[in-house]
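Please take a look at the sequence and structure first.

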Amino acid sequence: MSTTNPSPLWQPSAEGIAQAQVTKFQAWAAERHGAPADGGYAALHRWSVDELDTFWKAVTEWFDVRFSTPYARVLGDRAMPGAEWFPGGTLNYAEHALRAAEIRADEPALLYVDETHESVPVTWSDLRRQVGSLAAELRALGVRPGDRVSGYLPNIPEAVVALLATAAVGGVWTSCAPDFGARSVLDRFQQVEPVVLFAVDGYRYGGKEHDRRDTVAELRRELPTLNAVVHIPLLGTQAPEDALEWSALTSADVEPVFEQVPFDHPLWVLYSSGTTGLPKAIVQSQGGILVEHLKQLGLHCDLGPEDRFFWYTSTGWMMWNFLVSGLLTGTTIVLYDGSPGYPDTGAQWRIAERTGATLFGTSAAYVMACRKAEVHPSRDFDLARVRCVATTGSPLPPDGFRWLHDEVREDLWIASVSGGTDVCSCFAGAVPTLPVYIGELQAAGLGTDLQSWDPSGKPLTDEVGELVVTNPMPSMPIRFWNDPDGSRYHDSYFDTYPGVWRHGDWITVTSRGSVVIHGRSDSTLNRQGVRMGSADIYEAVERLPEIKESLVIGVEQPDGGYWMPLFVHLAPGAVLDEDLLNRIKGTIREQLSPRHVPDEVIEVPGVPHTLTGKRIEVPVKRLLQGASMEKAVNVGSVDNVELLRFYEKLARERG
């Protein structure tokens, strides 16, 4: 990694820097809390990790977090795992999410968009009223603080209302998208034993209706803890006779009653992709999510009441929870329920245009698909209101940065961000006052002591190392469900460097303070002692028009050798002939290094993904090392199990 200073792709204007919330916060924190007044973001970040308690106290004051019972101190115990935040303090997440209803009752809190791409608003007052009505009904059904409430729902307003009503009563929310099959949902929900299930009769995707009533019936049979099922007729069907009607539970005009819960009271359960074993059931707290998301959305994403926040996501991905938290900053959030590319690849740009989105978040894969399909966003859509395009899910390749800059707008803030379900937030990414360099995340987040470490725990600059976080973050899991001694939680993050969070990504922290993500460290390629991230290879190979998608695996062999195959899923009509083979190898050799050139290039019928769209590298590696399907992967977490059988068969044939 070069330490030279390339020219930035984008620079914030002097006016933009002055107007940014993070600039105003820094000046205020300098006056009130001893933060550095000068030195810009780098100085503020250093202070935020050196003076962790003071920084988080300042965040709660700046955003007017309402503690109904005052906290004794910011950090009772800062050891990881098990850091204790704001002990003694009580509050409620949903109360903060609905605060804007007090002053902007008739303005939209939600804009709901389906595949017609027409938006339907839900006002702040109506959102608050529905939450009040549903919270009262949940209490009447016997839901008490700590009880789990589940949703088998697409990205629709009812899902937001159900989450907020659950949080209002102190319940614990958990959700799956309706494209998850019954086994995948049960692998998740059976762990947490919900007492209520909100479920749609089906959903629309890609112009087709998908009936899910049989799946819902199976969920009901297999979840014996359910006391009530609430039917949401997205496809217009009648409720089963023993189910409750959504409309009946949300029609009353009732002021919401917000249960005041301890800061570390569970808010929701998210699930890791669960590529091996049961998905990890990750529990995050009401207070931890509240303050982390206020910081992330208010300071890093620079969101406020004038903004419209659209992120393409589903209820089975942490980005949906992150999107809902846009309400905390008084922002109007855009909920899109449908295919990301229907009726054409430009669909998400059309939604951004029609909803007046100011921050549009999507996947790096979507950006690259638009580039390949020769979509021209600025030519075909009015995107004047879009200030920022943010991407996550996988590293945004350099070509993606250039394409956004050229095809959307030269004066576009491009925020590639990286975090994880594990913290439901970002470790590094958006900073409105810093330049954007091609292929780089702008900086580590405030309050996050992000570092790159070598195997002995020595920090690295301008070199590839493990992504670690050396101080606690409020949104780190309070625990995993069904992990009574905490061993699974400990082994997931703290077994490599005791007391330090190791995330499992390879990163470079540059001497400028920016961050480059290279891919997962647990599926990292290691040729002749040189470590390489898979993302670098995908970025190079998938520029070739014949390559639809690729998967590279490094397999340690029993004899001490190392086999690195590249699997390619070809575009329709393409043939893996000698010419294409030579171009693939030549591209990798020239753009990366001879060490990156694979040992074999193998055509495959497709690349398997998790249900949240991530390429499955580690389970394929295990299959190629001879593990059985049952031991290599949790099949319920895979989008197409049949694709995995190809790799299993290949391993058998290779002996």
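In which sense do strand 8 and strand 11 pair, and over how many bridges? Strand 8 and strand 11 (residues 228-232) pair in the parallel sense over five bridges. The model is predicted, so to speak of local features a pLDDT of at least 70 is needed, side-chain atom pairs count only at pLDDT 80 or more, and totals for chains, interfaces and linings use all residues. Residues are numbered from 1 along each chain as its sequence is written, and side-chain values use heavy atoms, with hydrogens and water left out.

Strands here are DSSP runs (E, at least two residues), and helices are H or I runs of at least four, numbered from the N terminus. Two strands pair if DSSP finds at least two bridges between them.

| Partner of strand 8 | Pairing | Residues standing opposite |
|---|---|---|
| Strand 6 (residues 148-152) | parallel, four bridges | Val149 and Val196 |
| Strand 11 (residues 228-232) | parallel, five bridges | Val229 and Leu197 |

Five of the five residues of strand 8 (residues 196-200) are buried, so this strand is largely enclosed by the rest of the structure. Buried means under 20% relative accessible area, with a 1.4 Å probe and protein chains only. Val196, Phe198 and Val200 point one way, Leu197 and Ala199 the other.

Now for the whole protein. Its secondary structure comes to 22 helices and 35 strands. Of its 655 residues, 60% are buried. The C-alpha atoms fill a box of roughly 70 × 60 × 55 Å along the principal axes.

Terms used. Buried < 20%, exposed > 50% of the residue type's maximum accessible area, 1.4 Å probe, protein only.
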